[in-house]
Amino acid sequence: MSKISPCLWFDGEAEEAANFYVSLLPDSRIEKVQKNPVDGPAGKAGTVLVVEFTLAGQRFMALNGGRRFEYTHAISFKIDCADQAEVDRLWDALSANGGAVEQCGWLKDRYGIPWQIVPAALIKYLGGSDAAGAQRAMQAMLGMVKLDIDGLRIAYEGKSAA
């Protein structure tokens, strides 16, 4: 087990957010829910203080710390996706109900947490042996919001979209 795990700060939504996240990816589960022992800045006695959870094999902690702080892109969570169906499913789920989509496969979920939804093919095209193709794939990616594997492939191969 890793000694390091991300701690996500919430204002009363820690358990809701953890349940949402673990519903999205295999090898995910709630490990422990700890309640506030006394009334305090993080909530009343008996309300959820901390949720320990595993997301795709990585341990996390969600903390109801009191008032909400804004997350920035300085730290985000990248999900490597096997195919377009996985990109689409995760993109739709994480951007729903108040999330905000951004350029190049980035989004913020309804809790304000930044995510990168990245198809494995992106690395293949950006790091491919054809330097001109990699450059075209990069330009294509920069013009995308949700990443599109077929669009990246077409750009890499130098074909025009049909």
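This is a predicted model: local features need pLDDT of at least 70, side-chain atom pairs count only at pLDDT 80 or more; totals for chains, interfaces and linings use all residues.

Biologist: What share of the residues in the protein is buried?

Modeller: The C-alpha atoms fill a box of roughly 65 × 30 × 25 Å along the principal axes. The protein has 162 residues, and the buried part of them is 41%.

Biologist: Which strands stand at the edges of the open sheet of four strands?

Modeller: The order in this sheet is S1-S4-S3-S2, and the pairing is mixed. A strand at either end of that order has a single partner, so one of its sides is left without a neighbour in the sheet. The edge strands are S1 (7-10) and S2 (29-35).

Biologist: By what angle are neighbouring strands of this sheet turned against each other on average?

Modeller: The angle ignores the direction of the strands. On average, neighbours in this sheet are turned by 20°.

Biologist: Which residue in S3 is the bridge partner of Arg-29?

Modeller: S2 and S3 (residues 48-55) run antiparallel and are joined by six bridges. Arg-29 takes part in this pairing, and its partner in S3 is Thr-54.

Biologist: Which helix packs on the sheet?

Modeller: The helix in question touches S1, S2, S3 and S4 (58-64). Its direction makes about 10° with that of S3. It comprises residues 14-22 and is helix H1.

Biologist: Let us return to the lysine. Which side chain of opposite charge is nearest to Lys-108?

Modeller: Lys-108 lies in strand S7 (residues 106-108), and it is buried. Its contacts beyond four places in sequence include His-73, Leu-94, Glu-102 and Pro-114. A salt bridge requires a distance within 4 Å.

Biologist: Against which elements do the buried residues of helix H5 pack?

Modeller: Helix H5 spans residues 149-157, and its buried residues include Ile-149, Leu-152 and Tyr-156. Residues three or four places apart in an α-helix point the same way, because there are 3.6 residues a turn. The buried residues of H5 pack against helix H2 (84-95), strand S8 (114-119), helix H3 (120-126) and helix H4 (131-142).

Biologist: Which residue just after H5 takes a positive phi?

Modeller: The phi in question is about 75°. The residue that takes it is Gly-158.

Biologist: Is Ala-56 buried, exposed or partly exposed?

Modeller: Ala-56 lies in the loop between S3 and S4. It has a positive phi of about 55° although it is not a glycine. Its relative accessible area is 47%, so Ala-56 is partly exposed.

Biologist: What is the relative accessible area of Cys-104?

Modeller: Cys-104 is found in the loop between strand S6 (100-101) and S7. Its phi is near 65°, a positive value in a residue other than glycine. Cys-104 is buried, and its relative accessible area is 16%.

How values were computed. Residues are numbered from 1 along each chain as its sequence is written. Side-chain values use heavy atoms; hydrogens and water are left out. Helices (H or I, at least four residues) and strands (E, at least two) are DSSP runs, numbered from the N terminus. Buried means under 20% relative accessible area, exposed over 50%, partly exposed in between (1.4 Å probe, protein chains only). Lys and Arg count as positive and Asp and Glu as negative; His and the chain ends are not counted. Contact means heavy atoms within 4.5 Å. Two strands pair if DSSP finds at least two bridges between them. Axes are lines fitted to C-alpha atoms, for helices over the stretch in contact, and angles run from 0 to 180 degrees between N-to-C directions.
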